[in-house]
Amino acid sequence: MKKIQISPSILSADFSQLGNEIKRLEEAGADMIHVDVMDGHFVPNLTIGPPVIKALKKHASILFDVHLMISPVHKYIAAYADAGADIITIHPEATDNLKDSIKHIKDLKKKVGVSLNPNTKISTIEKELKYIDLILVMSVYPGFGGQKFIPDVIEKIKSLKKIKEEKNYNYDIEVDGGINFENSRDVINAGANILVSGTTIFKENNGNIKKNIETLKEV
Ligand code: DX5
Ligand code: ZN
């Protein structure tokens, strides 16, 4: 069983202090930093891009887990790789050729993730599962932090775990959206080994991020 890792989403951080917030997350035991990139087109929100990621990179030594909620995505992948993304996760709906985009990310020597929205079926990307390092299961519709977890995705996590074991694939299963102390165990027991969280990590226990990271990891 892979060690449970926590990838805090900086979408819920203090955007006026992002460098310090990233430092705080690393010191509090975060395994990686989940950077939600939004373009106001693929999702109805706009956040940060390559220049900000480049500036933030020097504030932490842990991996930047960059979630690209942008479309079209293919032509921008290199800019995020250059900016310091270590894991680049894309949505299948945002590229004309998912296999080409996956190959492009791997050619840039980055880990590649593919993200499934709650209404996107596993069958959409079943052929590509063998090539990816990470599957990002959305448990909310992307665009905003603080949304309610969609319990239906538990079955999708279980199916992805089953496929991984049957086909001997090696992808991490990361779950993103509405993760809290009530649902984290169910998500882990279903097969997830990386949890993304923004609101729970930054807001619970009077903002004690170390305690919140540790609590989410408990099974
Ligand atoms: C939503 C983002 C998530 C979100 C998680 O589009 O992809 O990473 O920020 O935030 P919480 O944990 O608050 O749902
Ligand atoms: Zn995300």
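Start by selecting Asn 205, which sits in helix H7. Helices here are DSSP runs of H or I with at least four residues, strands are E runs of at least two, and both are numbered from the N terminus. Look at the backbone: phi of Asn 205 is near 50°, a positive value in a residue other than glycine. Asn 205 is partly exposed, with a relative accessible area of 33%. For that scale, buried means under 20% relative accessible area, exposed over 50%, and partly exposed in between, using a 1.4 Å probe and protein chains only.

A quick word on what you're looking at: this is a predicted model, where local features need pLDDT of at least 70 and side-chain atom pairs count only at pLDDT 80 or more, while totals for chains, interfaces and linings use all residues. Residues are numbered from 1 along each chain as its sequence is written, chains are lettered from A and ligands numbered from 1 in the order in which they are written, and side-chain values use heavy atoms, with hydrogens and water left out.

Next, jump to Lys 109, in the loop between helix H4 (98-107) and strand E5 (111-116). Its phi is near 60°, again a positive value in a residue other than glycine. Buried or exposed, this Lys 109? At 72% relative accessibility, it counts as exposed.

One more backbone stop: select Ser 71 and Pro 72. A cis peptide bond joins them, with omega at about -5°. Pro 72 lies in the loop between E3 and helix H3 (77-83).

Now for the pockets. A pocket is found on a 1 Å grid over the protein atoms alone: it is an open set of points where a 1.4 Å probe fits, with protein on both sides within 12 Å along at least five of seven lines, and its lining residues have an atom within 4 Å of a point. Grid points are joined across faces, edges and corners, and a volume is the space filled by probe spheres set on the points.

The largest pocket holds about 410 Å³ of space. To find its middle, select Gly 146, Gln 147, Gly 177, Gly 178 and Ile 179, the closest to its centre of the 32 residues that line it. Strand E2 (32-38), strand E3 (63-69), strand E8 (194-197) and helix H7 (199-207) are the elements that give two or more residues to this lining. Which element gives the largest share of the lining of the largest pocket? That's H7, with 3 residues. Colour the lining by class and you get 12 nonpolar, 15 polar and 5 charged residues. In this scheme Ala, Val, Leu, Ile, Met, Phe, Trp, Tyr, Cys and Pro are nonpolar, Asp, Glu, Lys and Arg are charged, and the others, Gly among them, are polar.

The second largest pocket has a volume of about 200 Å³. Select Lys 111, Asp 133, Leu 134, Asn 170 and Asp 172: of the 15 residues lining this pocket, these lie nearest its centre. Its lining divides into 8 nonpolar, 2 polar and 5 charged residues.

Contact here means heavy atoms within 4.5 Å. Ile 87 is found in strand E4 (residues 87-90) and is buried, with a relative accessible area of 4%.

Now head for the interior. A nonpolar core is a set of buried Ala, Val, Leu, Ile, Met, Phe, Trp, Tyr and Cys residues joined through side-chain atoms within 4.5 Å. The largest one has 64 residues, of which Ile 10, Leu 129 and Ile 135 touch the most other members. Helix H5 (residues 153-167) gives the largest share of this core, 5 residues. There is also a second, separate core of 8 residues, with Leu 134, Met 138, Val 140 and Val 196 among them.

While you're at helix H5, click Lys 156, which is part of it. Lys 156 is buried, at 11% relative accessible area. Leaving aside neighbours within four places in sequence, its contacts are Leu 116, Asn 117, Pro 118, Thr 120, Ile 122 and Val 137.

Last stop: the 1 aromatic pair that a search of the whole structure finds. Select Tyr 169 and Tyr 171, whose ring centres are 6.2 Å apart with planes at 50°, so the pair is tilted. Rings of Phe, Tyr and Trp (its six-membered ring) pair if their centres lie within 6.5 Å; planes under 30 degrees apart count as stacked, over 60 as edge-to-face and the rest as tilted. Tyr 169 counts as buried at 18% relative accessibility, and Tyr 171 counts as buried at 0%.
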